[in-house]
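Have the sequence and the model open side by side as you read.

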Amino acid sequence: MRSSRLLLLNFLFFFFSPILTAKGAFVGTYGINYGRIADNIPSPDKVVLLLKQAKIRNVRIYDADHTVLQAFSGTGLDLVVGLPNGFLKEMSSNADHALTWVKDNVHSFLPTTRIRGIAIGNEVLGGGDSELSGALLGAAKNVYNALKKMNLEETVQITTAHSQAVFADSYPPSSCVFKDNVVQFMKPLLEFFDQIGSPFCLNAYPFLAYTYNPTQIDINYALFKPTEGIYDPKTNLRYDNMLDAQIDAAYMALEDAGFKEMEVMITETGWASKGDSDEPAATPENARTYNYNLRKRLAKKKGTPLRPKKVLKAYIFALFNENSKPGKSSETHFGLYKPDGTISYDIGFNSLKSFSSSKVASCYVALVISISVLLVMI
């Protein structure tokens, strides 16, 4: 009887205790970008239910909205928050402001909201704004120093995501280097990230590459479908899909800059399900094919041809179609889910089930009561 009680107590401990993870934790290989430039998507508490139902644990947002941070409290989901580009100059020039921002938007929500990283800006370098590019490193350092003052530097990782605009050329992968006007900002940033153990984060879109060069790129190569692929004579490597080639191009640029050991992580990739007349590849079928095959690719937990031992991790773009995003029609149709929580296309996830948080809470209370009664009976 005593042993039965101990077994049950051990079960309760592991069932209800939070799981502790190390710095820069990314559970598995699959994550999602939870963009919110829309006026018709579900509330954050319903989004949490959807994510848990889909068993997606790694989540990125593009700001530090407190309603979202509160909704993620106690959920066990790992969250990366964003410091928007509009804050970079202020954070770079004023360390006290960076300290206040970290206190208000990170420290005050830990540990119940599992904030695992801060993305300092998004696609800053290569964008043509030299003042913003010059502020990126200072902002990253001040935010990192703020984390150190609160003993959070081993818990919360600093990153920034780059677009492919930082590369001078990426075909074939072995030819890839950083643009001359980017190197002056990129190299000191990489030196800092190398010191603190941060990865190189890349937003990689075979969809865009194909859309801009449909006559030169085989769409099967972009969609992970059977194809001859490409051969890189310098490395003697063959690529059967474009995403792997884009990642290895980044690895080659890093190696050329002197950072051969730095990990490349994909912070955005996806395929639009609808677009303008000049975006004919933006169809539900192509979006389903890309995202389904990408999910299978990530589930294999393997690296790329150039870095086979570095398991690829990627955040998919995006959770929802976002109807308020500016630009081409494709920008509003990258979501795996429609605004009502139903799936845009089937890649193995289910629609948001129609049950409320109160029902979940009732089930939780019922479970606790049942276990308590069982304990008394033992």
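Tyr 34 touches Ile 41, Pro 42, Pro 44, Val 47, Val 59, Arg 60, Ile 61, Val 68, Phe 72, Leu 319 and Phe 320, leaving aside residues up to four places away in sequence; contact here means heavy atoms within 4.5 Å. Tyr 34 is also among the residues with the most contacts inside the largest nonpolar core, which has 111 residues; the others named with it are Val 81, Ile 118, Ile 120, Ile 158, Phe 178 and Phe 200. A nonpolar core is a set of buried Ala, Val, Leu, Ile, Met, Phe, Trp, Tyr and Cys residues joined through side-chain atoms within 4.5 Å. Buried means under 20% relative accessible area, exposed means over 50%, and partly exposed lies in between (1.4 Å probe, protein chains only). A second, separate core of five residues includes Phe 26, Val 80, Ala 119 and Met 265. In soluble globular proteins, nonpolar side chains tend to be buried together.

Before going on, a word on the model. It is predicted, so local features need pLDDT of at least 70 and side-chain atom pairs count only at pLDDT 80 or more, while totals for chains, interfaces and linings use all residues. Residues are numbered from 1 along each chain as its sequence is written, and side-chain values use heavy atoms, with hydrogens and water left out.

**The whole protein**

The secondary structure comes to 12 helices and 12 strands. These are DSSP runs numbered from the N terminus (helices: H or I, at least four residues; strands: E, at least two). Of the 378 residues, 48% count as buried. The protein exposes about 17,800 Å², and carbon and sulfur atoms supply 54% of that area; the areas come from the Shrake-Rupley method with a 1.4 Å probe. Among contacts between residues at least 6 apart in sequence, 70% join residues at least 24 apart.

Strand β4 (residues 114–122) is mostly covered, with eight of its nine residues buried. On one side, six bridges join β4 to the parallel strand β3 (residues 78–83), and Leu 83 stands opposite Ile 120 there. Strands count as paired if DSSP finds at least two bridges between them. β4 also pairs in the parallel sense with β5 (residues 157–162), over four bridges. β5 in turn is joined to β8 by two bridges, again running parallel. Some bridge partners are listed here.

| Residue | Bridge partner | Strand of the partner |
|---|---|---|
| Ala 119 | Thr 159 | β5 |
| Asn 122 | Ala 161 | β5 |
| His 162 | Leu 202 | β8 |

In β5, six of six residues are buried. Gln 157, Thr 159 and Ala 161 point one way, while Ile 158, Thr 160 and His 162 point the other way. In a regular strand the side chains alternate between the two faces of the sheet.

Helix α11 covers residues 284–299, and its 16 residues should span 22 Å at 1.5 Å a residue, which agrees with the 22 Å between its end C-alpha atoms. The expected span is 1.5 Å times one less than the number of residues. Its buried residues are Asn 286, Ala 287, Thr 289, Tyr 290, Asn 291, Asn 293, Leu 294, Arg 297 and Leu 298. Their cover includes β1 (30–33), α8 (206–212), α9 (219–222), α10 (242–257) and β12 (314–316). After α11 comes Lys 301, whose phi is positive, near 50°.

Thr 289 counts as buried because its relative accessible area is 9%. Leaving aside residues up to four places away in sequence, Thr 289 touches Leu 223 and Lys 225. Lys 225 is also touched by Asn 220, along with Pro 226 and Thr 227, under that sequence exclusion of up to four places. Asn 220 sits in helix α9 and is partly exposed, because its relative accessibility is 23%.

**Tyr 205**

Tyr 205 lies in the loop between β8 (200–203) and α8. Is Tyr 205 buried or exposed? At 9% relative accessibility, Tyr 205 counts as buried. Its contacts, not counting residues up to four places away in sequence, are Gln 246, Glu 268, Thr 269, Gly 270, Phe 317 and Phe 334.
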